[in-house]
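Here are my notes on the model you sent. Please read them with the structure open.

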Amino acid sequence: MKEEYSQQHRRWYDKDPVLSEAVRTLEETDDQTQIRVALNLIKIIIEHNEAVDDIINAVGSGLDDNRRGRWYDIDTTLRTAMNMLQNCPEDTQKVIAKEMAKMVVDEIKKDDIEDEDGEE
């Protein structure tokens, strides 16, 4: 499922504007939020795919290459979720992108509410 990147799309997730924005927003959240979203993302990817074994095999090979330059490579759970998403079919990525965007926004709102409650 990996494709050559064009000059327009530096990163694999930049091909879809919704996915790109969701990933950018996730990158800017705190570590705990990233982990919660990653765990939910893994669950959603598994629910939306019939070829989970193919995705898991692709993820396994992606983890072996010791890439640590991307922002999501710091945490194993986050890296696994992002690699699973990258290896999903493009139409599945589009569906998951919308769910991911909503999930990220919901987590941020939840964190904001918890912060406000803690300040009182």
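1. Start with a cut-off: a residue is called buried when its relative accessible area is under 20%. Thr-33 has a relative accessibility of 1%, so Thr-33 counts as buried. Keep in mind throughout that this is a predicted model.

2. Stay with Thr-33 for its surroundings. The residue sits in helix H2. Its side chain makes a polar contact of 2.9 Å with the side chain of Asp-30. Leaving aside residues up to four places away in sequence, Thr-33 touches Leu-26, Glu-107 and Asp-111.

3. Buried residues in H1 are Leu-19, Ser-20, Ala-22, Val-23, Thr-25 and Leu-26. At the start of H1, look at Asp-16: one of its side-chain oxygens comes within 2.8 Å of the backbone nitrogen of Val-18.

4. Trp-12 belongs to the segment before H1. Is Trp-12 buried or exposed? Its relative accessible area is 7%, which is under the 20% limit, so Trp-12 is buried. The Trp-12 side chain also makes a polar contact of 3.1 Å with the side chain of Tyr-72. Trp-12 and Gln-86 are 74 residues apart along the chain, yet their C-alpha atoms are separated by 7.1 Å.

5. Now the packing of H2 and H4. Two packed helices are described by the distance between their axes and the angle between them. For helix H2 (residues 31–48) and helix H4 (residues 76–86), the axes come within 9 Å and cross at roughly 35°. The crossing of H2 past H4 is left-handed.

6. Which residues of H2 and H4 meet? From H2 come Gln-34, Ala-38, Leu-39, Leu-41, Ile-42, Ile-45 and Ile-46. On the H4 side they meet Thr-77, Leu-78, Thr-80, Ala-81, Met-82, Met-84 and Leu-85. By class, this contact of H2 with H4 has 11 nonpolar residues, 3 polar residues and no charged residues.

7. Last, confidence. The chain has a mean pLDDT of 80, and 77% of its residues reach 70 or more. Among the elements of the chain, helix H1 (residues 17–27) has the highest mean pLDDT, 92. Helix H3 (residues 52–63) has the lowest, 65.

8. One stretch should be read with that score in view. Over residues 1–6, pLDDT stays under 50. For these residues the model has 12 contacts beyond four places in sequence.

Note on methods: Residues numbered from 1 in each chain as written. Heavy atoms only, no water. Axes fitted to C-alpha atoms, helices over the stretch in contact; angles between N-to-C directions. Helix = DSSP H or I, 4+ residues; strand = E, 2+ residues; numbered from the N terminus. Left-handed = near helix turned anticlockwise from the far one by under 90°. Contact = heavy atoms within 4.5 Å. Nonpolar A, V, L, I, M, F, W, Y, C, P; charged D, E, K, R; others polar. pLDDT = per-residue confidence, 0-100. Buried < 20%, exposed > 50% of the residue type's maximum accessible area, 1.4 Å probe, protein only. Polar contact = N/O pair within 3.5 Å; in protein donor to acceptor, adjacent residues only side chain to side chain.
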